[in-house]
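This briefing is for a reader who is meeting the structure for the first time. Please look over the sequence and the model before reading on.

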Amino acid sequence: MTDPVPRALCLGEAMIMLAAATGAPLEDVETFRRSVGGAECNVAGGLAALGVSTGWLSRLGTDGFGRHVLQDLQSRGVDVGGVEDDPTRPTGLYVKHSFNGRTQMHYYRSGSAAAAMDPAFLDRPAVRDRLAGAELVHTTGITAAISGTAAEMLERLATLRDTLGFTLSVDLNWRPALWRDADPAPLWRLLRAADVVLIGADEAVVFAGTSDPDELRELLGPRSTIVLKSDAHVALALEPDRRSTEVPALTVDVVEPVGAGDAFAAGYLAGTLQGLPMEQRLRLGHLSAAAVLAVPEDHAPPPGAATRQALLTCSEAEWAVAHVGPAGVRLGGVV
């Protein structure tokens, strides 16, 4: 008996993340903590943690780092049967380093196995079968940026959406350094083809020149639900029929901000697949993000089902006073 095809698929690069163990200058750091990072695999793990059957599609080097990525995602309940091994290119790597109150990322991903993804990758039987059975496929602007062939692959993915019938979700994840010598036109086309566009107000200003929801609608076209996370920590969903829903973020004792955007995407998309009302989809996004903000890692398990249900269904006044920290969620004074 074969395993069922995952309901959700996340397509993009995973990397090994090495976090400096001390706040010393990078040249003086001797010890690093290893974990797995990368936008789409973070979302995949977040979806699986919320009970959505999820697969991750990509390429990895046949090295120890690649094997660790597979083991990590499998341990978190993510299907990795659509991953392709590359015997010549390495698994990507990045270093996270905090010094003088500032966190920096140092990426070593040029020429990685994932950067070699191309349109033919989608024709591999393990990939095509999963795409044919998926309800939702999620990717980001990072994948469009890592190579020209990866951008071509995502353009083909948008055409397959029309024939296979899945919902296409794209998180902008604008990384100017990755686009320094490249034309972002493929990313614009991908965003305009998407059914869901997740975008932060700050990156919208840099990428599109505006964070105004109506102006973004004109730029992105009529198809998508635009989920805009504002500088005021409010998430707004603007649907194709012009309905809009706003939900403020939870109060959080922030330990580390990296990964919170991916967690928000996972929560929102899980709520979408579960058929929740728009307000609850946004709340689940905020709650998932808050759980990551309260830990030093790029991902964290969401609060338990009972806590999630309490927060999804509580009043606006109760939501406004809820608090998330390293010790957990406090709702109405109860952890």
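Predicted model: local features only at pLDDT ≥ 70, side-chain atom pairs only at ≥ 80, totals over all residues.

Residues are numbered from 1 along each chain as its sequence is written, and side-chain values use heavy atoms, with hydrogens and water left out.

**Pockets**
- A pocket here is an open set of points on a 1 Å grid over the protein atoms alone, where a 1.4 Å probe fits, with protein on both sides within 12 Å along at least five of seven lines; lining residues have an atom within 4 Å of a point.
- The largest pocket has a volume of about 1,500 Å³, the volume being the space filled by probe spheres set on the points, which are joined across faces, edges and corners.
- Its lining has 47 residues, and Pro257, Val258, Gly259, Ala260 and Gly261 are the closest to the centre.
- The second largest pocket holds about 230 Å³, and Gly45, Gly46, His299, Ala300 and Pro301 lie nearest its centre among 17 lining residues.

**Sheet**
- Strands (DSSP runs of E, at least two residues, numbered from the N terminus) form an open sheet of 4 in the order 3-2-8-9, with mixed pairing; two strands pair if DSSP finds at least two bridges between them.
- Strand 3 (32-37) and strand 9 are the edge strands, each pairing on one side only.
- Strand 2 (residues 15-20) runs antiparallel to strand 3 and is joined to it by 6 bridges, with Met15 opposite Gly37 in strand 3.
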